[in-house]
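Q: I would like to go through this structure with you, one topic at a time. Could we begin with how far the coordinates can be trusted?
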Amino acid sequence: MDYHHIKNKRGQVTIFIIIAVVLIGVALLFYFLLPKFQTRIVFDEDNPQDFIQMCLEEKIEDTVKTISLQGGSMEPTHHFTYDDKPIEYLCFTNENYKTCVIQQPLLRQHVEIEVENEIQGDVDICFSSLKDHYERRGFDVKMDPGRTSVEILPNRITTRFNYVLTVTKSITDRHDSFSITLNNNLYESIEIANSILEWEAIYGNADPRSYMLFYPDISVEKNLRDDGTKIYIISERDTENKFQFASRSLVTLPGY
Amino acid sequence: MKKAINLNFKQSIILILGIFVIISSLNFIKADQAEFYCAEKTINNEWCQMVPIEEVDTSYSYSRTSCEFTEYCSIGTCISVESGSCQTSPKTLCNPEQGGYFNSSEINQIEDCKKGCCILSNGARIVRKIQCTALSRHLNLVYNFIPSINTEAECSAQVASSNLGACIIETNSRRTCYHKTGGECQSSQGEFHEGFLCSNPQLGTGCLMSNRTTCVSGKNEVYFMDSCGNIANVYDFSRRASTLYWSYFPGYGNVELSTGDNLGNIRNPRHGYCDYTKGSTCARYDVLKDGLQAKPALGNYVCRNLNCRKSPLTGNLERKHGESWCSKPLEYFENAKPGDVSYLLYCYNGEVKYELCDHYRNSLCYEERTGTGANAISSAGCILNKWQECFGQDEERFCLGSDKKCSVVPTNEYPTNANTFILTEDATSKGITLSAGTEVQCIPKYPPGLKFWEAEPIIPSAVLDNLKNLELNSELSSICDISSDVCKVQYYRKSSGWLPWGTSVRCEGNNCLCIGLKDEDRIYNNDRGKQENLNNDWVIYQNDICTLTADCGGYSNTNPNPNFLDISGIFHFLEFAASSGRGGWGKVMAREGWWARRAHGTVDFTCKPWQPILGGEDCSKCNGQLFPCTEYQCRSLGKACQFIQGDSDNPLCIYIDDEDVIPPIINEREESLIEDYVYKEIHSPTSRKLGVEIEYTQSEDGCLPAFEPFSFGIELDKLGYCKFDYERTEDFDEMEFTFGNEDRNTFALNYTQTFSLPGVKHVQEEYESEETDAYEYGSLEEIEEFESIMELIRPSLHLNGEYEVYVRCKSLNNAYNIEEFMFKFCMEDQDDITPPIIRGFDWQNESPLAFFGEGETRKINVKVYINKPSQCKWSLEDKTYESMENSLNCQGEDEIFNNHLAYFCDGELTGLENNQENDFYFRCNSSFGVMNSESKRLTLIGTTPLDITSISPNVTTVKSGTSPVTVPLEVRTYAGYQNGVATCQYSSSGNPGTYSTFSNTNSQQHSTNLYLEEGSYGYHIRCYDNAGNSKTGVVSFNVETDTSPPIVIRVYREANNLKIITNEEATCVYSNVINTGCMYNFEDGQTMTRTSSNKIHSTSWDYRKIFYIKCKDEFENQPYGAGSGGCSIIIKPFEFE
């Protein structure tokens, strides 16, 4: 084999190596720099509602579950730690032999606002992603952002997104608002929690049995801690849904 | 010239001392008064608390007064109409922006918050008025509220039998039928047939009998449903095909309701007359909860047993639903030992629940049992233990009052400083009857618990108040000290000088009983200098009192025999402080020299907080009991017992031996294995056990089946925290995963871990391509999340199917295993011959669907969850997999499953029909070609369109005498899902985001109050139901206010009548009393006769009188003011003559 032939071979190999390096570089560039998109979510241009539902449903479910286990707050500011979880005090007194002061009288509204605040980031991302999907398919898109509102209603939680989406290709479609409805009876659990809190504030104690008599589908437990704090756990029998909170009222310490 | 103040030396000293005293007293005063502030918010984010200034969040209000006297923390009621709540609340927390309205009155003084009888069509209960409207919403029922009824019995009696019937509505040439009351049907403009069921053939509705049953919200029974979805009569298998039973409601057409076995039909497969009072209610059949024999003959619902089976928790009795009882009888706590606590237990809906009354016996469980035999039932509750009020009581009526919180012990004529009294009648105490005339002292009947391991607790003020008259030799140092006592004894000896051996002395006086002697008895010195003829009865007696005070005295929990006293040596200078080291002791000391002819001694008994035995051998007795261990119970078992994980589901009482450096010994746990799985030990060549191999007994080679969750576990000889890894590691910290499917570091004695893995063939097929193919479809975040889930729940997939899991554990002393314990297993290397299992769908079975309009594509998306990678299809008919027409999109990669160990397929379901049940059948084919032989069915219910039947007020004028005017906006809906039950909203502009929800909604009737000024108004209404059907409407009306009183525009005489005409409809009265003139109340006036137009008013003409006339309109507008200003007109008929 002559020198010229060897030199050609080396040259070819070098070119291939360079091409390979360039390809790898481009691949890495694609991998890290391309905007993230969720191809796992099926996009149907005739049904943006489905897209929003798939994009946000799980987030709303997880948020509701977390907030329910923490006494109605995403980040409890005044809580009792039980099982490594912070549980908000919804009624509290730092004194002994005194009934507590309710810390959250508008509980349902508070929970709604907590959910709204927690999901807002994801809402923005999902609607932005929805817009991208349309634009990539050649639509003219006009998106007017609006308010996100959560309503905790009997047997369901409805989240409404007052975004107005107008998409135009050959014809114009307008979607005035979007909504996601979860099957969840948090409403009833909060009603019961409010009643328990009333008893704690006025009489210093509540009897879980009376609620189970009136609400056969609900289980209510009271867990008395050593410092006088009570953890109330309201569970739905047929689902894993649970709402729990802490209260400290009319505490008698030992020897007092 | 200034005159110097000259003081002599004495005066100077007095002055200096005086200043010193003043300054000291100031400091004393200052130190004595703690400064607390009512903080609107504290630095710990607590609202309205009394705290020192350092804890106040000064960016909010605060003041140095009690919170009830501040404006911001004044307690009132926060009312929310939207949520239907009245809540006691401090003012600052009632936020109007969240819909809260603060009322300074107490909750029971507010009209909307008052309780009354709330009648719903399924029953009645006593609730607050504002809650009644909320109840009607969440039960989707029309309500009626009667405030005058406040007892449940009277309220329940209000529930009238409903006049239900078939309501036929004809729309668009369709004839639909619903079960409604007469009033509801009328509102829906339907044709009502009282007492008829829609399945009555005479009605020709097309609704037919069916085999479907269901539960009904608010009712206990199981009901039939007709083919149209209407609730029919109670499920009765024997009448399933009875035309009569399917034609009329009970009470009509000779149809009577059968109650079945009359015992609630618990688990009766053929009858659905459940009875909550007998312990049964309707529930969806579950073989695990109801048993095989309860499988309903028709439908899927059965009367579930709500009673609780015998168990240690129930005291080995069967307990009825609603029954409550105590863990120990109240009498037990009369002799409570440290660690004893009282639990309240109750049975509800088949479950036993318990509640600790109090950690330290400040509250105890009290139980009453009524009835006999099978009808016997217990009722229990926690009651307050008011032990504080017993100490120092010196009157029988306070000690043995009706609340029975105290008991008495006889003084046995022993000298005592405690308050005593004489019984006026017989009394029983601790099982002993004391006759009238006995001198006794008052003690708690149920001694309270103490935190005996901490500094001695402060004496409650309630106790101190009762002890003011006691002569105490020292200040009380603890609550136990209340039962300390002192006895002074006087001795007399005859001889002088030092006492030779054998010399006797005599006790004199009333207190000789302290040392067990009476007067004239002798005390002898023996050869060893110890005194004989003494006994310690008094001290034993004192110890009994001491232990009855609280957790005091010399008791040992595990050693019931007190051995604490040994009195000897009265007449030596040495103290004989005999003690068990466990609390109370008697101390006898001679205070005067031996050479005295008479000597005085004191016998002291000091009662101290109880202390447990040394060591911790008994600590573990607290764990694994019926109730979780508490710190109080744990500490009572030994000095070295420690309570850990207190604020968790698994509190433990442990003995930490600081010198224990041995790690936990790990062994495999048999109980963690499921059926058909076994362990086989693995040993090293030197016979040392290395671990176990897990084998599947149903396979020849012992390898485990693919995609079948299996579990294995470990048990330890001491508490440990365990981790595992798939590779060998150097030490505990290097291991990556927590053993036991938990992500927190709690300590336990055993753990179970669950895996689910593909077989070898699956892995080989999927992993032939580059690994990056597995991540092709996900975003970076999803991949990262997926990887973390993967690492938690599934080990790295091995191409050869061989797996080893290495485990280490760490003890409480941080000692961990050097050598790992190994679990080894293999996955099957063969074609998968089992069909896929469809685990479920992302739709709940029997979910409603919104009505599909004309031109609307009738399809929905669905997700099917399966246990292994497969291809799935569906059809509208139940047929074989190959015949099914529609395929789903299935993910095939092993990694793509959710953390419920399930794979999924998704796709679209088409061919949906309105107003009927849509059945879809699914079957799957595994990657090895094994298909389902049976279909999994998913039923989705098509609905009818929702409609609005009426909106009011519409095209009308609303008038009122006040401004703003209250305008009730009302809407009625029907059809859709659940016969028109919907949520409605309104908006003045109709723009998105401006709609507000009706105050009363989520039913077929919706209402809300608007407060409007005069003007013209229009509103957009929109309603939607649970299926997603929606309907809109508009309404317009005018609002007028009328704040002016009527004006008399004409006065005349007609025949013998005085007549006046007003400018509007009015009611007029008059008075003829000159003295009062117009100054009379409208109600006291004489009414003038009105014509039908209500504008012409008349009375008899009398020229001798003056008529002072007042007129008022429907809005109560009438003239006010002094003089003639209080009359509409003053008429003097004589002026007309």
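Q: Among the elements of chain A, which has the lowest mean pLDDT and which the highest?
A: This is a predicted model. In chain A, helix α1 (residues 3-33) has the lowest mean pLDDT, 77, and strand β12 (residues 242-248) has the highest, 97.

Q: And what does chain A average in pLDDT?
A: The average for chain A is a pLDDT of 87, and 91% of the residues score at least 70.

Q: Turning to helix packing: at what angle do α2(A) and α3(A) pack?
A: Helix α2 (residues 48-69) of chain A packs with α3(A) at an angle of about 150°, and their axes are 9 Å apart. Angles over 145 degrees count as roughly antiparallel, and α2(A) and α3(A) are therefore roughly antiparallel to each other.

Q: Is the crossing left-handed or right-handed?
A: α2(A) passes α3(A) in a right-handed crossing.

Q: Which residues make that contact?
A: From α2(A), the contributors include Phe51(A), Ile52(A), Cys55(A), Leu56(A) and Ile60(A). From α3(A), they include Val111(A), Val115(A), Ile119(A), Val123(A) and Leu130(A). Charged residues take part as well, among them Lys59(A) of α2(A) and Glu114(A) of α3(A). By class, the contact of α2(A) with α3(A) has 14 nonpolar, 2 polar and 4 charged residues.

Q: How do the axes of α3(A) and α4(A) cross?
A: The axes of α3 (residues 107-136) and α4 (residues 186-203) of chain A come within 10 Å and cross at roughly 135°. α3(A) and α4(A) are therefore oblique to each other.

Q: Which residues meet there?
A: Leu107(A), Arg108(A) and Val111(A) of α3(A) meet Ile190(A), Ala193(A) and Asn194(A) of α4(A). The residues of this contact divide into 4 nonpolar, 1 polar and 1 charged. Val111(A) also belongs to the contact of α3(A) with α2(A).

Q: On to the interface: how many residues of chain B are in contact with chain A?
A: In chain B, 64 residues are in contact with 56 residues of chain A.

Q: Which elements of chain B supply at least two residues each to that side?
A: The strands are β2 (47-52), β4 (75-80), β5 (85-90), β19 and β20, and the helices are α2 (129-138) and α11 (780-793), each in chain B. By class, the side of chain B that touches chain A has 20 nonpolar, 32 polar and 12 charged residues.

Q: You mentioned β19 and β20 of chain B. What is the strand order of their sheet?
A: The order is β18-β19-β20 in chain B, an open sheet of 3 strands with antiparallel pairing. β18 (324-326) and β20 (351-356) of chain B are the edge strands, each pairing on one side only. From one strand to the next, the twist averages 25°.

Q: How many bridges join β19(B) to β20(B)?
A: Strand β19 (residues 343-348) of chain B is joined to β20(B) by 6 bridges. Opposite Cys347(B) stands Val352(B) in β20(B).

Q: Next, the open sheet of 5 strands in chain B: in what order do the strands lie?
A: The order is β54-β60-β59-β56-β57 in chain B, and the pairing is mixed. β54 (957-960) and β57 (996-997) of chain B each have a single partner strand, so one side of each is left without a neighbour in the sheet.

Q: In what sense do β54(B) and β60(B) pair?
A: β54(B) and strand β60 (residues 1030-1041) of chain B pair in the parallel sense over 4 bridges. Val958(B) has Val1039(B) in β60(B) as its bridge partner.

Q: Finally, which residue in β50(B) is the bridge partner of Lys863(B)?
A: The partner is Asp906(B). Strand β46 (residues 859-866) of chain B is joined to β50 (residues 903-910) of chain B by 8 bridges, and the two run antiparallel. Asp906(B) is also the bridge partner of Asn889(B); strand β49 (residues 889-890) of chain B runs antiparallel to β50(B), with 2 bridges joining them.

Key:
Residues are numbered from 1 along each chain as its sequence is written. Chains are lettered from A and ligands numbered from 1 in the order in which they are written. This is a predicted model: local features need pLDDT of at least 70, side-chain atom pairs count only at pLDDT 80 or more; totals for chains, interfaces and linings use all residues. Two strands pair if DSSP finds at least two bridges between them. Axes are lines fitted to C-alpha atoms, for helices over the stretch in contact, and angles run from 0 to 180 degrees between N-to-C directions. Angles under 35 degrees count as roughly parallel, over 145 as roughly antiparallel, 65 to 115 as roughly perpendicular and the rest as oblique. Two residues are in contact if their C-beta atoms, placed from the backbone, lie within 7 Å. pLDDT is the predictor's confidence in each residue, from 0 to 100. A crossing is left-handed if the near helix is turned anticlockwise from the far one by less than a right angle, and right-handed if clockwise.
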